[in-house]
Amino acid sequence: MKRNVLRLNVKGAIIAVVFAMINLYAYTTSPYFEKQRTYHDQIESYFDKNAKILIVGDSHPGVLKNSMLNDVTHNIASGGDGFKESYLKLRYILSQSQAVEIVFLTSDAQMFSTRRSQSSNAAFLHKYSLLLNEMDVYQHDHLSVLVQMVPLFNDSYIDYINKDLQNIISGDKKKVILDQSLRGNESLWSTSYTPLQRVKKAIETGKKDHAGVMEDKALPKYYRKIIILCKEYNIRIIGVRYPAMKEYFEQLSSQKNLHLEAFLKSLPFEKILDYRNFSQNPKLYNNEDHLNKDGALQLLRQMEKDTGLKLKS
C-alpha cells in the first residue's frame with residue numbers, strides 16, 4: 001500500500017515538473033508572452049521617471065513613442081487597449097505615484113465602438129486586477145484570474161495558438177507575416193499604395209472601427225471612471241482626437257457622432273484637442289489611421305504649441 005502511494009506521488013511529481021517546464025517554455029519563447037512583457041514594461045517604466053504628464057489610449061496615441069518624449073512625459077497607450085485597460089493602468093500608476101499632473105486622454109470615436117468591448121489585452125492586466133483588487137472590471141474572481149496567469153490555462157494564449165495554427169493550416173501564415181512587415185515599413189503607405197487603394201483601405205477600416213459607437217454602456221462608464229479618478233487626484237484632463245484619413249472618419253454615422261459629441265461635452269475636460277484635420281499627407285502616415293514617426297513628431301510639436309507644454313525629448 002505504501003509502495004503504491006509512493007509510486008503515485010512520484011508520478012504526480014514528475015507530471016507536475018513536466019507541466020511546469022512546458023509552461024516555463026511557453027512563457028519564455030512565445031511571441032504572445034514577449035508582447036505581454038513589453039506591455040508590462042511600458043507601464044512599469046513610468047516609475048523610472050515618475051513623469052508629470054501621461055498619455056493614455058490605444059494605438060492612435062501609441063504612435064507617440066516614449067523615445068520621442070522628454071523626462072516629464074510618459075506614454076502608456078497600447079494598440080488594442082480599451083477604456084477598461086486604460087483605467088486599470090492609470091489607477092495602478094496613481095496608486096504608486098503622486099507625480100502625475102496632466103493626462104492626455106484619447107477622445108477618439110473608435111474607442112467607443114463595440115469592437116473595444118472585449119480587448120485582446122485584457123489578459124495582460126490580470127496581475128494589475130489582483131494588485132488593485134479590481135475584480136469587477138472583467139467580472140472574474142481571484143481564483144480564476146490566478147488560474148489564467150498559468151500559460152496553458154490562459155484562454156487568451158490558447159486562442160492565440162489556435163489562430164496561429166489556423167493560419168498555418170489555411171496557408172495564411174505567410175500573408176500575416178507579410179502584412180506585419182509591410183505595416184512596419186513607414187514609407188510604404190505613400191510610395192507603394194495608390195490614392196484609390198489608400199481610400200479603399202481607410203473606408204474598410206473605418207467601417208470596422210466605428211461599428212456600434214456608444215452602444216456598449218460599459219465603455220462610457222469606464223471613460224467616466226478614468227475622468228473621476230483624475231479629478232480625485234487633481235489631475236488636469238486634456239482630451240485628444242488623433243489624425244487619420246478623412247475617409248476613415250466618414251464611416252461614423254452623423255447620428256452616432258452627435259451622440260458622442262454630446263457625451264464628450266458633458267465631461268469636465270480642460271480642453272479637447274481635435275487633430276482629425278491635422279494632415280492628409282500620406283507621407284506622414286504609416287497606414288490609414290496611424291501616423292508614422294515623422295507625422296508623430298509633427299503632431300507633438302503641434303500639441304506643444306496648443307498647450308504650452310514641453311513634450312518632446
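Helices are DSSP runs of H or I with at least four residues, numbered from the N terminus. In this predicted model, helix α4 spans residues 83-96, and Glu85 lies within that helix. Glu85 is buried, yet has no salt bridge. The nearest side chain of opposite charge belongs to Lys84, and it is 6.8 Å away. A salt bridge requires a side-chain nitrogen of Lys or Arg within 4 Å of a carboxyl oxygen of Asp or Glu. The side chain of Glu85 does reach a backbone atom: the nitrogen of Gly82, at 2.7 Å. Beyond its neighbours within four places in sequence, Glu85 is in contact with Tyr39, Ser119, Asn121, Ala122, Leu125 and Tyr138.

The sheet was examined next. Five strands form an open sheet in the order β2-β1-β3-β4-β5, and the pairing is parallel. Strands β2 (73-75) and β5 (271-274) stand at the edges. Each has a single partner strand, so one side of each is left without a neighbour in the sheet. From one strand to the next, the twist averages 20 degrees. Strand β1 (residues 53-56) pairs with strand β3 (residues 102-106) over four bridges, in the parallel sense. Within this pairing, Leu54 has Val103 of β3 as its bridge partner. Helix α14 (residues 293-307) packs on the sheet. The helix touches β3, β4 (236-241) and β5. The direction of α14 makes about 145 degrees with that of β5.

The side chain of Thr73 makes a polar contact with the side chain of Asn70, at 2.7 Å. Leaving aside neighbours within four places in sequence, Thr73 is in contact with Lys49, Ala51, Ile53, Ile55, Asn66, Lys310 and Leu311. Tyr160 lies elsewhere: its C-alpha atom and that of Thr73 are separated by 33 Å. Along the chain, these two residues are 87 residues apart.

Charged side chains also pair with one another. The structure holds 11 salt bridges. One of them joins the side chains of Arg115 and Asp209, with an N to O distance of 2.6 Å. This pair links distant parts of the chain, 94 residues apart. Arg115 sits in the loop between β3 and α5 (126-132), whereas Asp209 belongs to helix α10 (residues 195-209). Arg115 is partly exposed, because its relative accessibility is 46%. Asp209 has a relative accessible area of 12% and is therefore buried.

A further salt bridge connects Lys256 and Glu215. Their closest N and O atoms are 2.7 Å apart. This pair, too, links distant parts of the chain, here 41 residues apart. Lys256 is in helix α13 (residues 254-265), and Glu215 is in the loop between α10 and α11 (218-232). Lys256 is partly exposed, at 23% relative accessibility. Glu215 is also partly exposed, with a relative accessible area of 49%.

The side chains of Glu261 and Arg241 meet at 2.5 Å, N to O. At 4% relative accessibility, Arg241 counts as buried. The contacts extend beyond these two residues. Salt bridges that share partners join Arg241, Glu261, Asp274 and Arg276 into one network.

Gln139 has a phi near 60 degrees, a positive value in a residue other than glycine. Gln139 lies in the loop between α5 and α6 (142-148). Its relative accessible area is 63%, so Gln139 is exposed. Asn234 likewise has a positive phi, near 55 degrees, and is a residue other than glycine. Asn234 lies in the loop between α11 and β4. At 71% relative accessibility, Asn234 counts as exposed.

Technical notes. Residues are numbered from 1 along each chain as its sequence is written. This is a predicted model: local features need pLDDT of at least 70, side-chain atom pairs count only at pLDDT 80 or more; totals for chains, interfaces and linings use all residues. Side-chain values use heavy atoms; hydrogens and water are left out. Two strands pair if DSSP finds at least two bridges between them. Helices (H or I, at least four residues) and strands (E, at least two) are DSSP runs, numbered from the N terminus. Axes are lines fitted to C-alpha atoms, for helices over the stretch in contact, and angles run from 0 to 180 degrees between N-to-C directions. Contact means heavy atoms within 4.5 Å. Buried means under 20% relative accessible area, exposed over 50%, partly exposed in between (1.4 Å probe, protein chains only). Lys and Arg count as positive and Asp and Glu as negative; His and the chain ends are not counted. A polar contact is a pair of N or O atoms within 3.5 Å; within protein, one must be able to donate a hydrogen and the other to accept it, and residues adjacent in sequence count only if both atoms are side-chain atoms.
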